[in-house]
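Here is a short report on one protein chain.

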Amino acid sequence: GEQRRVCKEYIFDYNQTRPSDLKKKEEILSTMLGTAGTDIWMEAPLFFAYGCNTHVGNNVYANFNLTVVDDGEVYIGDYVMFGPNVTISTTGHPVHPFYRAKYAQFSLPVHIEKGAWVGRNAVFLPGVTIGENSVFGAVSVVTKDTPATCIVIGVQFNVVRAIQHEALLYHRTGMQVT
């Protein structure tokens with residue numbers, strides 16, 4: 001409710017700020033974000049759901065259209081770089097239609113550790129931890145943890161299973177509905 005509305009106000013102001021008004025951009029980020037390091041450069045437009053749940057380290061660069069669905073906590077380490085159109089989402093929805101009809105959701109933290117470089121249109125799903133200095137190719141879909149200092153590429157699309165009764169009991173494997 002209220003925190004999302006407040007964040008949208010900050011985002012509107014940030015995205016309308018003149019590119020040369022670095023002080024105003026810095027003030028908005030330091031007020032909106034849960035933690036804001038120094039030397040953060042985020043190209044407008046950018047989008048956050050809450051802002052206050054995102055913690056950004058020092059010397060972070062984000063190109064146009066960074067989207068952070070931070071219903072849960074997001075941690076971005078020092079010297080992380082994002083290409084255009086990157087999405088980080090802490091939130092997912094159950095696979096079973098019974099729960100989706102009730103607007104159910106779950107949130108798991110996302111950690112992007114120091115020195116990661118993320119190519120354009122990459123997507124980070126709920127609960128992933130990204131190791132230090134890893135590189136993500138354009139259009140990578142990150143569905144699980146990655147080790148430090150590795151290269152990640154690709155979009156995975158496989159029909160994995162039918163939606164069954166177990167989906168009433170678990171949002172995803174090992175994550176029981178509460």
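## The sheet

Two strands pair if DSSP finds at least two bridges between them. Helices (H or I, at least four residues) and strands (E, at least two) are DSSP runs, numbered from the N terminus. This is a predicted model: local features need pLDDT of at least 70, side-chain atom pairs count only at pLDDT 80 or more, and totals for chains, interfaces and linings use all residues. Residues are numbered from 1 along each chain as its sequence is written, and side-chain values use heavy atoms, with hydrogens and water left out.

Five strands form an open sheet in the order E1-E4-E7-E12-E15, with parallel pairing. Strand E1 (35-36) and E15 are at the edges with a single partner strand each, so one side of each has no neighbour in the sheet. E1 runs parallel to strand E4 (residues 54-56), joined by two bridges. Ala36 has Val56 as its bridge partner in E4.

## The nonpolar core

A nonpolar core is a set of buried Ala, Val, Leu, Ile, Met, Phe, Trp, Tyr and Cys residues joined through side-chain atoms within 4.5 Å. Buried means under 20% relative accessible area (1.4 Å probe, protein chains only). The largest core has 33 residues. Met42, Phe48, Phe82, Ile88, Ile112 and Phe124 have the most contacts inside it. Elements supplying at least two residues each include helix H1 (2-16) and helix H2 (22-32).

Beyond its neighbours within four places in sequence, Met42 is in contact (heavy atoms within 4.5 Å) with Tyr14, Leu29, Phe48, Val56, Ala62 and Leu66.

## Gly131

Gly131 lies in the loop between strand E15 (129-130) and strand E16 (135-136). Gly131 is buried, at 6% relative accessible area. Leaving aside neighbours within four places in sequence, Gly131 contacts Glu113, Thr146, Pro147 and Ala148.

Technical notes. Buried < 20%, exposed > 50% of the residue type's maximum accessible area, 1.4 Å probe, protein only.
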